[in-house]
Amino acid sequence: MKGERTTTTAGEAPAVAPPGPPLTLPRILSSATHPRWYAAATADLHALLSDHLHCERKAAENALSLVRRYPHRGDSVDALGRLAHEETSHVIQVAAFLARRGWTPRADTPNLYARGLFAQVRDREPLRLLDTLLVAAFIEARSHERLQLLAHGFAADGQDELSAFYQVLANAEDRHAEIFLELGAALVPADAFAARLEEMSARESEILSALPHTSRVH
Ligand SMILES: [Fe+2]
Ligand SMILES: [Fe+2]
């Protein structure tokens with residue numbers, strides 16, 4: 001509740017607790033984002049929002065690309081089509097937010113985080129599809145964590161409009177991670193799925209920890 005006092009995890013001075021749910025680390029992530037990330041990410045808000053817009057665009061494109069590559073998987077076509085629709089609505093929302101600030105989206109730049117994750121995808125089906133779905137799940141889960149961090153950080157900084165904006169989008173990314181996990185779990189036996197999830201979780205943490213903190217979502 002706004003106005004309550006709480007102590008930050010880093011043990012600094014008490015801060016004003018933001019509205020919305022408490023911060024949670026998505027279950028598939030092995031590590032939390034470094035505490036210094038927030039300051040770096042928000043140092044250039046125009047750059048952060050531009051990167052965020054392209055993240056949403058790529059999420060929509062990735063979902064539709066899976067429909068193109070795997071049209072025979074009927075249930076997933078429905079889920080992925082709806083997901084692409086929602087991600088496209090996020091593109092529109094981020095674009096509108098940029099426009100309200102008088103900013104034009106900047107060009108996309110290479111996403112080394114996503115590139116590192118996609119490099120883990122194996123060649124042979126159905127493992128290729130499984131890994132692709134897991135990569136998407138990790139990107140969604142990490143996005144959920146970081147958009148939550150932005151929502152909380154902006155609230156603490158008194159930027160309520162930005163905070164509310166990011167809280168709504170953070171909640172959506174959490175649901176999206178679960179959709180990809182559900183689609184992936186249907187492809188292989190449960191023990192094989194759990195083993196690959198654990199491997200990918202460790203790899204995701206390694207990839208993330210090797211990247212610099214800049215004004216982008218990841
Ligand atoms: Fe999204
Ligand atoms: Fe998403």
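Is Lys58 buried, partly exposed or exposed? Lys58 counts as partly exposed, because its relative accessibility is 25%. The points below cover the metal sites first, then the salt bridges. Keep in mind that this is a predicted model.

1. **Iron ion (ligand 1).** Four residues supply the donors here: Glu56 (OE), Glu87 (OE), His90 (ND1) and Glu173 (OE). Their distances run from 2.0 to 2.2 Å. Along the sequence, the donor residues follow the spacing E-x30-E-x2-H-x82-E.

2. **Geometry at ligand 1.** The arrangement of the 4 donor atoms around the iron ion (ligand 1) is irregular, because the angles they subtend span 89 to 144 degrees. The tetrahedral label requires all angles to lie between 85 and 135 degrees. Water is not among the atoms, so sites may look incomplete.

3. **Iron ion (ligand 2).** Glu87 (OE), Glu140 (OE), Glu173 (OE) and His176 (ND1) coordinate this ion. The sequence spacing of the donor residues reads E-x52-E-x32-E-x2-H.

4. **The bridge.** The iron ion (ligand 1) and the iron ion (ligand 2) lie 3.4 Å apart. Glu87 bridges them.

5. Glu87 belongs to helix H3 (residues 74-100), and His176 to helix H6 (residues 160-185). The two are 89 residues apart, so this pair links distant parts of the chain. Glu87 and His90 make a contrasting case: both lie in helix H3, 3 residues apart, about one turn of the helix.

6. Glu87 counts as buried because its relative accessibility is 0%. His176 is buried too, again at 0%. His90 has a relative accessible area of 3%, so it is buried. The cut-off behind these calls is under 20%.

7. **Salt bridges around Asp108.** The whole structure holds 15 salt bridges. In one of them, the side chains of Asp108 and Arg57 meet at 3.0 Å, N to O. Asp108 is in the loop between H3 and helix H4 (112-118) and Arg57 is in helix H2 (residues 45-69), so the pair ties together parts 51 residues apart in sequence. Lys58 forms a salt bridge with Asp108 as well, with the closest N and O atoms 3.0 Å apart. Lys58 is in helix H2, so this contact ties together parts that are 50 residues apart in sequence.

8. **Exposure of that group.** Asp108 counts as partly exposed because its relative accessibility is 30%. Arg57 has a relative accessible area of 25%, so it is partly exposed. Lys58 is partly exposed, also at 25%.

9. Arg142 and Glu204 pair through their side chains at 2.8 Å, N to O. Arg142 sits in helix H5 (residues 127-156) and Glu204 in helix H7 (residues 190-209), a link between distant parts of the chain, 62 residues apart. Both residues are buried. Elsewhere, salt bridges that share partners join Arg57, Lys58, Glu61 and Asp108 into one network.

Terms used: Residues are numbered from 1 along each chain as its sequence is written. Chains are lettered from A and ligands numbered from 1 in the order in which they are written. This is a predicted model: local features need pLDDT of at least 70, side-chain atom pairs count only at pLDDT 80 or more; totals for chains, interfaces and linings use all residues. Side-chain values use heavy atoms; hydrogens and water are left out. Donors are N, O and S atoms within 2.8 Å of the metal (3.2 Å for Na, K and Ca); water is not among the atoms, so sites may look incomplete. Helices (H or I, at least four residues) and strands (E, at least two) are DSSP runs, numbered from the N terminus. Buried means under 20% relative accessible area, exposed over 50%, partly exposed in between (1.4 Å probe, protein chains only). Four donors count as tetrahedral if all angles lie between 85 and 135 degrees; four count as square planar and six as octahedral if opposite donors are over 155 degrees apart and all others between 65 and 115; anything else is irregular. A salt bridge is a side-chain nitrogen of Lys or Arg within 4 Å of a carboxyl oxygen of Asp or Glu.
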